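Thanks, everyone. Please have a look at the sequence and the structure, and then I'll walk you through a few local features.

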Amino acid sequence: IRFTNLKLKYISRIMNKDIFLTNSLGNEKVKFNPINPKKIGMYVCGPTVYDNPHIGNARPLVVFDILFKVLKCKYGKDAITYVRNITDIDDKIIASSIEKKISINELTNKITSIFHEDCKYLKCENPTFEPKATENISLMLEMINQLIKNNFAYESNNHVYFEVKNFKDYGKLSNKNLDELIAGSRVEISENKKNPEDFVLWKPSSENEPAWDSPWGKGRPGWHLECSAMSKKLLGEVFDIHGGGRDLIFPHHENEIAQSRCSSNKSSFANYWVHNGFITISKEKMSKSLGNILKIDDFKNKVNGQVLRLALISSHYRQPLDWNNNLLSECEKTLNKWYESYTKIRKTILIPDEYLFPLYDDLNTPGYIAKLHELYEKSQNGSLKDKEIFVSACNFIGLLNESDEKWNEFKKSKLKITEDEINTKILDRNNARKNKDFVKADKIRDELEDKGVLIEDKDDKTHWKFK
């Protein structure tokens, strides 16, 4: 992989290396074979903009950002179309707007703006397209009409439902039969349904709720429908990769498959389903009742976005990630250390292929991070080129992509002590050491460390750096 001015120039011997992904459809790691290597489509479920995004939302943002980078590296930056939607109409949005006593437009615009700020903070690239549900209602109406025509949907009292039992492959993604899926989920009970498992495609809106005209009266679409309609519009009826959190496998992604395949009469929808694992907080699931939901906004004045990004990829994307107090501090220490080898990239740099192989093996980010540690150690006693290789390898996954000056500015803003105070403390410590008052000298060292400053005695001088 070659970099020029920190931008990829997708030319590398690694072009011959296969990408492997764990496909939830079959639950096995398989070689990625795109439908068309020059036109690869990836759709990832984006946020429902009813409240500030939390770190559970942040994990897929970073995971699929890295997959986007890997695909561009392998196939070329113009060969990948990455679609991530915005859900701006949903029952949660309506409820949140009522609770916050603001209009739905005001709420969705505000949360969408915060979401974009969070993406920037996490150093995520923009997707190729970011469609909004409310801008694609006509496509959803077309899909509903086609499902009714194909005998997979029915109207009942101004509602339209998908008739699940008519789709024989329902449950394949979850690897469960229909009875198991119904038993393990909260099925919406309604006298309008033919069967308990049927899910809504269209429903009427009350007087104060958003509504669009339809053949079945004024109303709004069901949540699952939007992704089927927008992926079809931007990627076609069959595309390569569909991603999201593990919690979306059922019912959301299962329903997407049913809607899309039954409206198009195709034998597949997305060929590869990639799902990231959950985030827990000290082994507990995040929930409002426990009061342990951590918003991305909560971190912005505490840590650089790179720290949060590194923490989110410190475990393999498929595994659960337990969030605790030590995780961020360890990641910050790692980046402090790595910034010691920071240098501006002067020219095109070739990263040795073997260092990138872990990412081609089912996005093995812990394996890649281990390789970065190797490159860092080499850069410490190596040439300028070794430093450039290390920085380029970090840039590839969205790290060390801002100058060391900017990194240190943020660190300084967090210090509980000024630079003048630090220098005064160091002078007091040096005087204490000269007077052999080592108890006082150690006490000053400890005081500085408590305030985020580490000191080091080297070549008859005392140097300090951020903790």
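This is a predicted model: local features need pLDDT of at least 70, side-chain atom pairs count only at pLDDT 80 or more; totals for chains, interfaces and linings use all residues.

Where does Asn158 sit? In the loop between E7 and E8. Now look at its backbone. Phi of Asn158 is near 70 degrees. That is a positive value, and Asn158 is a residue other than glycine.

Next, Asn157. This residue also lies in the loop between strand E7, residues 153-156, and strand E8, residues 159-162. Its phi is positive too, at about 55 degrees, although Asn157 is not a glycine. Is Asn157 buried or exposed? Exposed, because its relative accessible area is 52% and the cut-off for exposed is over 50%.

On to a peptide bond. Which kind of bond joins Phe250 and Pro251? A cis peptide bond, with omega at about 5 degrees. Pro251 lies in helix H7, which runs over residues 249-264.

Which residues form the positive surface patch? Four lysines are listed here: Lys92, Lys100, Lys110 and Lys288. Take Lys100 from that patch. Lys100 belongs to helix H2, residues 91-100. Its relative accessibility is 37%, so Lys100 counts as partly exposed.

To recap. The loop between E7 and E8 holds Asn157 and Asn158. Lys100 is one of the residues in the positive patch.

Key: Residues are numbered from 1 along each chain as its sequence is written. Side-chain values use heavy atoms; hydrogens and water are left out. Patches are made of residues with over 30% relative accessible area and no salt bridge: like charges are joined within 9 Å, nonpolar side chains (Val, Leu, Ile, Met, Phe, Trp, Tyr) within 5 Å. Accessible areas come from the Shrake-Rupley method with a 1.4 Å probe; for residues, only the protein chains shown count as cover. A salt bridge is a side-chain nitrogen of Lys or Arg within 4 Å of a carboxyl oxygen of Asp or Glu. Lys and Arg count as positive and Asp and Glu as negative; His and the chain ends are not counted. The place of a charge is taken as NZ of Lys, CZ of Arg, CG of Asp or CD of Glu. Helices (H or I, at least four residues) and strands (E, at least two) are DSSP runs, numbered from the N terminus. Buried means under 20% relative accessible area, exposed over 50%, partly exposed in between (1.4 Å probe, protein chains only).
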